[in-house]
Amino acid sequence: MADQESAIVYERPDRNLAMELVRATEAAAIRAVPFIGRGDKNAADKAAVDAMRKFLGTVDFDGVVVIGEGEKDNAPMLYNGEHVGTGNGPSCDIAVDPIDGTSLTAAGRMNALSMIAVADRGSMLDASTVFYMEKLVTGPEGRGVVDIRQPIGENIRALSKAKGKPVGEMQIAVLDRPRHAQLIEEIRAAGAGTRLLLDGDVAGGINAARYETRIDMCVGIGGSPEGVATACAIKALGGHIQGRLAPKTDEERQKGLDAGLKFDHVYEADELVRSDNTFFVATGVTDGGLVEGVRRKGPIIRTESIVLRSRSGTIRRVIADHLAERWL
């Protein structure tokens, strides 16, 4: 009977797991600081990866990296299929990005963060064979109102009506990339404003779902790993997310088909992450609209993190002061 009870305890990620994972994102963010503005994104990423891996190794869970962060950028990685944690405790899928915004970090720009998303084992979509995904993210008002298959103008007008907000006041976040030139033109033609993101569409998606931000919607093509991670956060925020895979080549499309992925298919939130017990944890590397970046204040290093949990629907902010001498 005791063994059965233990098995039940470890079926799902426990609420305390999120606070343990914060230590890993804090460590990754702190270790990336010396590389801010230094122009070497791979060096920043390696420092963050090494720190995150070290701290994840102390956490009591059996985590499998479903979506790692290095293959797309030819950078150091927490590789897909890697087991992390002590092996004791809940069995989980994890998506990691030790730095979401390596280019931002290297350039000394805003909105770089370190993040981990966690869900029950076997519940995350493994889209690792296809690097890019078209996404649409809104807050709760967008559920049943907007659809990625509709023209962006229609979605903006529908969301505007649902929110009781004039179209002219709507702000749409989109990555500033050449591939989005037509999309940006259509957003502006609809009468809405754009918030062009240099990088880091995870934060853009989360901010689109949070009620206290000025961003109403986040759209466009970004990383598939970021799409799955964002879905974990959106479930905690009660928001709306859809995704369509966007292969760059026929070879990549075929790899996706071989892996069982669907193309010309809209992945809804429950397909991106089937679990209703998700965690999303992020710590700021540089300052941004979601969290502040790492700051040195005399003898301490201060970090700000955000912790989201879908089962309880909670958002927590964690301000931590770390003795700088322990990080030298």
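1. Two strands pair if DSSP finds at least two bridges between them. Helices (H or I, at least four residues) and strands (E, at least two) are DSSP runs, numbered from the N terminus. In these terms, Gly63 stands opposite Val84 in β2, and two bridges join β1 to β2 (residues 83-84), the two strands running antiparallel.

2. The model is predicted: local features need pLDDT of at least 70, side-chain atom pairs count only at pLDDT 80 or more, and totals for chains, interfaces and linings use all residues. Residues are numbered from 1 along each chain as its sequence is written, and side-chain values use heavy atoms, with hydrogens and water left out.

3. On confidence: pLDDT is the predictor's confidence in each residue, from 0 to 100. The chain averages 90, and 93% of the residues score at least 70. Over residues 1-10 pLDDT stays under 50, and the model has three contacts (heavy atoms within 4.5 Å) beyond four places in sequence for this stretch. Where pLDDT is low, the predicted coordinates should not be read in detail.

4. Strand β1 (residues 62-67) and strand β3 run parallel and are joined by five bridges. Val64 stands opposite Asp93 in β3, and the bridge partner of Val65 in β3 is Ile94. Strand β3 also pairs with β4 (residues 113-120), through seven bridges and in antiparallel fashion. Ile94 stands opposite Val118 in that strand.

5. Both β1 and β3 are mostly covered. Buried means under 20% relative accessible area and exposed over 50%, with partly exposed in between (1.4 Å probe, protein chains only). Six of the six residues of β1 are buried, and in β3 (residues 91-100) nine of ten are.

6. An open sheet of six strands has the order β7-β6-β8-β5-β9-β10, with mixed pairing. Its edge strands are β7 and β10 (267-268), each of which pairs on one side only. Within this sheet, β5 and β9 (residues 240-245) run antiparallel and are joined by six bridges. Glu134 has Arg244 as its bridge partner in β9.

7. Grid points are joined across faces, edges and corners, and a volume is the space filled by probe spheres set on the points. A search of the whole structure finds one cavity of 30 Å³ or more. The largest cavity has a volume of about 80 Å³.

8. Which elements supply the lining of the largest cavity? At least two residues each come from β5 (132-138), α7 (201-209) and β8 (217-223). Strand β8 gives the most, with five residues. Among the lining residues are Lys135, Asp201, Cys218 and Thr230. By class, the lining has five nonpolar, five polar and two charged residues. Here Ala, Val, Leu, Ile, Met, Phe, Trp, Tyr, Cys and Pro count as nonpolar, Asp, Glu, Lys and Arg as charged, and the others, Gly among them, as polar.

9. Thr230, one of the residues lining the largest cavity, is placed in helix α8 (residues 224-237). Thr230 counts as buried because its relative accessibility is 3%. Leaving aside residues up to four places away in sequence, Thr230 touches Val137, Val202, Gly205 and Ile241.

10. The second largest pocket has a volume of about 240 Å³. Of the 15 residues that line this pocket, the closest to its centre are Asn111, Leu196, Leu197, Leu198 and Asp199. β7 (193-197) and α7 each supply at least two residues of the lining. Eight nonpolar, five polar and two charged residues make up the lining by class.

11. Is Val285 buried or exposed? Val285 is buried, because its relative accessible area is 1%. The residue lies in the loop between β11 (279-284) and β12 (295-297). Not counting residues up to four places away in sequence, Val285 touches Ala29, Ala32, Ile36, Thr105, Ala112, Leu113, Ser114, Gly293 and Val294. The C-alpha atoms of Val285 and Met217 are separated by 24 Å, with the two residues 68 apart along the chain.

Methods. 1 Å grid on protein atoms, 1.4 Å probe; cavity = no way out; pocket = protein on both sides within 12 Å on 5 of 7 lines; lining within 4 Å.
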